[in-house]
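I opened this entry to keep track of what I looked up, one topic at a time.

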Amino acid sequence: MKNGKERFLSAGRKSVVGVTLALWIGSGAAMGLPAQSSASSAIIVQPERQVETVQSKFYCNLKALTPEQRARHKQLSEKLMAAKKEIVETEKGYEFQFSPEDVSLAELAEWVVAESKCCPFFDFYIDLERQGKLACLRLTGEEGIKAFIRAEFKIETAR
């Protein structure tokens, strides 16, 4: 049986590894996402407890696109967000509406192809409605996707 000091040192080494891993995953580094900091967050390490992390099933694989593809996708994403006429919440996700004069169906399709590589958990729908006067891009997916879309696309919810 180990004495108290030996047991604490052994558990302490395991905790440091677990906390380091948890910090790395929690910062978004494991997913290639920018780290988010919070002034009010704190980590409490208890040597006798195992560190447990929960990872979201929705994450962006930034390595799915080459640097050139990523640059083009960023450019298209910025254009789409700037040109959107309206965002409509649907039962299973969100619909982004555009004027075909501002965003072509080809640009929407190009964006979907790239986005589906880095975020394969989305279901994509492109519609041309109102006699060709409204282009719609709808994003849906599994349970919990709406919260991810709200966060990823910075969608304000009505209160």
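**Salt bridges**

I am working with a predicted model. I searched the whole structure for salt bridges and got 6.

I looked up Glu 142 first. It forms a salt bridge with Lys 57, and the closest N and O atoms are 3.2 Å apart. Glu 142 sits in the loop between β4 (134–140) and α4 (145–152), while Lys 57 is in the loop between α1 (4–26) and α2 (67–83), so the pair links distant parts of the chain, 85 residues apart. For Lys 57 I noted a relative accessible area of 47%, which is partly exposed.

I then turned to Glu 110 and its partner Arg 72. Their closest N and O atoms are 2.8 Å apart, and the two form a salt bridge. Because Glu 110 lies in helix α3 (residues 105–118) and Arg 72 in helix α2, the pair ties together parts that are 38 residues apart in sequence. Glu 110 is partly exposed at 33% relative accessible area, and Arg 72 is partly exposed at 31%.

Another salt bridge joins the side chains of Glu 107 and Lys 79, at 2.6 Å from N to O. Here too distant parts of the chain are linked, with Glu 107 in helix α3 and Lys 79 in helix α2, 28 residues apart. Lys 79 has 33% and is partly exposed.

**Strands**

I checked the cover of strand β2 (residues 93–98) and found 6 of its 6 residues buried. Strand β1 (residues 86–89) pairs with β2 in the antiparallel sense over 4 bridges, and a hairpin of 3 residues joins β1 to β2. Ile 87 has Phe 96 in β2 as its bridge partner.

I also looked at β2 against β4. The two pair in the antiparallel sense over 6 bridges. Glu 95 has Arg 138 in β4 as its bridge partner.

**Ala 114**

I placed Ala 114 in helix α3. Its relative accessibility is 12%, so Ala 114 counts as buried. Which residues does Ala 114 touch, not counting residues up to four places away in sequence? They are Leu 65 and His 73. I also took the C-alpha to C-alpha distance from Ala 114 to Leu 76, which is 10.0 Å for residues 38 apart in sequence.

**Aromatic rings**

I counted 10 aromatic pairs. One of them is Phe 58 with Phe 148, which is tilted, with 5.9 Å centre to centre and 45° between the planes. Phe 58 lies in the loop between α1 and α2 and Phe 148 in helix α4, so the pair ties together parts that are 90 residues apart in sequence. Both Phe 58 and Phe 148 are buried.

Phe 148 also pairs with Phe 121, edge-to-face, at 5.1 Å centre to centre and 90° between the planes. Phe 121 is in the loop between α3 and β3 (123–129), 27 residues from Phe 148 in helix α4. Phe 121 is buried, as is Phe 148.

Finally, I listed the aromatic cluster that holds these rings: Phe 58, Phe 96, Trp 111, Phe 121, Phe 122, Phe 124, Phe 148 and Phe 153.

Technical notes:
Residues numbered from 1 in each chain as written. Predicted model: local features only at pLDDT ≥ 70, side-chain atom pairs only at ≥ 80, totals over all residues. Heavy atoms only, no water. Salt bridge = Lys/Arg side-chain N within 4 Å of Asp/Glu carboxyl O. Buried < 20%, exposed > 50% of the residue type's maximum accessible area, 1.4 Å probe, protein only. Pairing = 2+ DSSP bridges. Contact = heavy atoms within 4.5 Å. Phe/Tyr/Trp six-rings, centres within 6.5 Å; stacked < 30°, edge-to-face > 60°.
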